[in-house]
Amino acid sequence: MKKLYSNKPVIFSLVLPGLLVFLFAVMAPIGLSVYYGFTDYSGMGEVRLIGFDNYVDLFHDNAFGRSLKNSLLLAVGFICIQHPLAILVAAVLDKLQGKAEGIFRCIYFIPNVISVAVIAYLWKFIYNPDFGLLNNIAKAFGHPGKINWLSQQNAIWAVLIVLIWHGFGWGMLIYYTGIKNIDPVLYEAASIDGANWWTTFFGITLPLMKPVIQINVTMAVISALKQMETVYLLTNGGPNNSTQFAANYLYQQAFKAFKYGYGNAIGVVFIIICVLVTVALNSIFKEKRESAA
Amino acid sequence: MKENNKKIGKVVLWVVLIAVAVIQLFPLVWLVDFSLGSSNEMFTNGLLIIPEKIRWDNYVKAFVDGNFLHYLRNSVLINTLAVVLVVFISIMAAFACQRMKWKLNGFVSTLLVMGMMIPIHATLLPNYKIYSALHLTDTIWALLIPYVAFSMPQGMFLMTGFIQALPKELEEAAVMDGCGIYRIVFQIVTPLLKPSIATVAIMTFLNNWNEFMMASTYLSTPTWKTLPFSVLEFTGEYSSNYAVQFAVMALTAAPAVIVYVILNKHITKGVAMGAVKG
Amino acid sequence: MKKRMLTTLLTAAMTASVLTGCGGLAKESASTAANDEAAAKPQIVDVEENETPAERSDEAVKLKLFSNLPDRKNGQGLVEQMIIDEYMAENPDVTIEVEALDEEAYKTKFKAYAMDGMPDVVSIWGQPAFLDEVLDAGVLAELNEDDYLDYSFIAGSLEGFKKDDKLYGLPRNTDIMLFYYNQKMFDDNGWKVPATMDDLLTLCTEIQAAGITPVAMDGGDGWPMACFLTDIMVKVTGINYADIISNAVATGDFTAPEIKQATQILVNFADAGMFQVGYDSQDYGTTMNLFTNGQAAMYCMGSWDASMALNEDIAPEIRDNIRVFTMPTVEGGKGGANDIAAWNGGGYAVSVNSAVKDEAIKFLNYMYQPDKLSKYGWENGVGMSAQDQTAYLTGNETELQKQIMEILKNATSVSGTPINDCGPSAFKTAIESEIQGVSNGSTSVDDFLAAIGAACK
């Protein structure tokens, strides 16, 4: 058994496909990005090494700063708006029995399976000041309508709303599963003690959901950092970079402004930030869990 | 008193649930509603319209000019292949790292899972360069390789957890019977992983089905274009006809929604299993 | 009449040729206009289409055309597709595959293509922001200028497509910046076409009071607003436009009073609610639809959209009533009513690395045979081509076409390249984003000028 399980060629053959894919599709491009990040390559013609110039520029680049701020804002939005809502709805849904429970769960998740391409264009229409759904709703409530939802000041919130709407079902489902995993005996005990729904929610459900919440928060922060597709189609970072995100910005710089080298430098910094944030969040939560235990 | 409270609680509960359901669904109802009218009917003050004449021809246009069947076929094919590859690669690698005895197993396992942290869009620029140098752009590989690569870490992560939870006794018995490693992996372990495979498959499918950034960067001809292109191309082609644009959006969303509604129990179960773990 | 038309066209275009270059970036003087050469050395041109089919190999040829015209059923896209279909019918061994994207998406993808291997025939823009880097990289095939002597290109129209006196592309249009307006709506409400900026502002207030959007502006894309700014600037600076801009681009200093004044006018317009709500986030199609659905009284765009008059998707009561006027004059400005913002922008080129380069050039030349792009374009209501179209006047032109012809005929000067296309692409990217900020009031005029200046360095 031992011999069989430590047969090097066999191990190698099992791991090889995974490693190859990883090296070719993840490591190789990162390596190439690091290289181009040190050049002023425009995308065509000559490649010239310019040292850390791109990184120095990046440090002073307002639009990039704006991208990171937007990611932070989005993450805060997810954590403070989407997740509390998702937990509450999950807890309420848990109270429901029978068929209705499944139907609601199904409805909430539907936006998630729809392509971002459809979602982004759909919301572009919903936000349209002239015939969009939102302004028509505003009119139904007596407001004159004509609100510019995608203005420089509003656009980032508009993006946040789309993302919250689109991802709500996912977050809800995970919390819902977490709640279902809580031992019902605890609830019975609480109800014998005369606790009402709110005290049960804050006394039992929330504390026991901690690990799930931690995972979800981590995911929320990372997806806020990685945001690109919705913004690319909905606002393309505009007006005037007010909804810019790192991924969209590097794409624009490389393929629109002809600064391929600079775009790659953004990519490298972007990767480093993502890795650092993931590691940091994981270690924070891990410490907490350990100190709690 | 207590009874009354309970009643009020029930009403609040239903109101909340229905309100959320309306918010989640209404935009889609709106989409379908306007896709059946004509473009000028868009400029109303009402929330929904009753089209003067139901215009199915919007859908005919969307279906034919949107290359719907062709793109759908590509989407299904590419996603299925990606799922199969991700499942196999991650079972093999996870098994090797989790069960087999070698020095670097921990390192390789971490390395492969680490891919989860890498933002996929950061690789758009260099990968474009690599794929064009290797003449992979505008081929199925240009989508398959990154789709597999960026779903594999998650698959690997999930599979490692699932394999860890499997009892070792079965494998030991298999070894006694003289099974080789490959037979153990594919004939003993893989069937035991069925629910896990479903989870990985669903997660991979959901990740990649809606992807279009890479598709629009690496592809140029319609040969391998996927479903989101129906929408992307239409907004340019029919820029002056909103109703047809709505029809193509509804049509593009339809396959995933229909499949989801039919399989919703299995899919939600799969997602829940994967996401809580992941 | 025809002759007069031609001469004026030529005169207008000659002025254009003097102004096309954006100074610091234009590498050669524009004095060698194509038709001077034509006059100097008349020669028989070997037009490749005249080759007999027998000379060609029988092997199937596949051409890839990368186009910025996604709408294949109207306007220029339709014209392009018609020619492609004809060419394939005449050359059964050739198949032409089209990939068409919206302008913005097109330019992005073009740059990606430029890195490694382009489609055989591509849409290009003969303007520094687009072409300089492309030509420096040497990805476009050189064309033989002598081939085009009898293609009746308007004098000077080829200049933007040259580098070191070598020709790399051909222009498709003569673009004029215009206000399209709904004449019936104007008549019904007693509105008059404005002659001065003040008139325009008053008019906009009146239109607003009637609950209608005065001007539909595609501010989401950035470039139409930059063209609009160019138009204002022409009225402020007159024939000095090109000098002032090229000087600013070369030094990175955009604080010239004329530029400041023009920007301020744009800001005032936007501030007065001249554009639709949310203009700075709306795209091309949405903006145009606002006008073609009667939600906006005017629409600011280039002459290429004159094909609206023949677009079946637009209700007849609107499409038949579309008329145009040019930017009104600014008080104290040096530009007169007939100094217009116009240029030869879009066109086609062939990839230098194309495996079927000869066939690609042959197709290119086919498209530019005077009775193809130019004629079909005219017949389908597209604006002015970059070739002499006088032979194809049918008398059945739309009112819109006649008006545009008139505007060009009466032009005393034309601006050449719009401001956003005068610098490197980093400048273009910056101005097209910053202009959204300055027009919606979140950036001051001074900060805007400083930001676009910084992008030139």
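In chain A, where is confidence lowest, and where is it highest? I looked this up before anything else, since the model is a predicted one, in which local features need pLDDT of at least 70, side-chain atom pairs count only at pLDDT 80 or more, and totals for chains, interfaces and linings use all residues. I also noted that residues are numbered from 1 along each chain as its sequence is written, and that chains are lettered from A and ligands numbered from 1 in the order in which they are written.

**Entry 1: confidence in chain A**

I read pLDDT as the predictor's confidence in each residue, from 0 to 100. Helix 1 (residues 2-5) of chain A has the lowest value, a mean of 78, and helix 3 (residues 53-59) of chain A has the highest, at 94. Helices here are DSSP runs of H or I with at least four residues, strands are runs of E with at least two, and both are numbered from the N terminus. Over chain A the average pLDDT is 89, and 98% of the residues score at least 70.

**Entry 2: chain B against chain A**

I looked up contacts next, two residues being in contact if their C-beta atoms, placed from the backbone, lie within 7 Å. Here 72 residues of chain B are in contact with 76 residues of chain A. On the chain B side, helix 12 of chain B gives the largest share, 13 residues. I sorted that side into 54 nonpolar, 14 polar and 4 charged residues, where Ala, Val, Leu, Ile, Met, Phe, Trp, Tyr, Cys and Pro count as nonpolar, Asp, Glu, Lys and Arg as charged, and the others, Gly among them, as polar.

**Entry 3: chain B against chain C**

For this pair I found 17 residues of chain B in contact with 22 residues of chain C. Helix 5 (124-133) and helix 11 (228-237) of chain B each supply at least two residues of the chain B side, which divides into 4 nonpolar, 10 polar and 3 charged residues.

**Entry 4: inside chain C**

Chain C holds 17 helices and 15 strands, and 59% of its 457 residues count as buried, that is, with 20 or more other C-beta atoms within 10 Å of their own, C-beta atoms being placed from the backbone (exposed is 12 or fewer, partly exposed in between).
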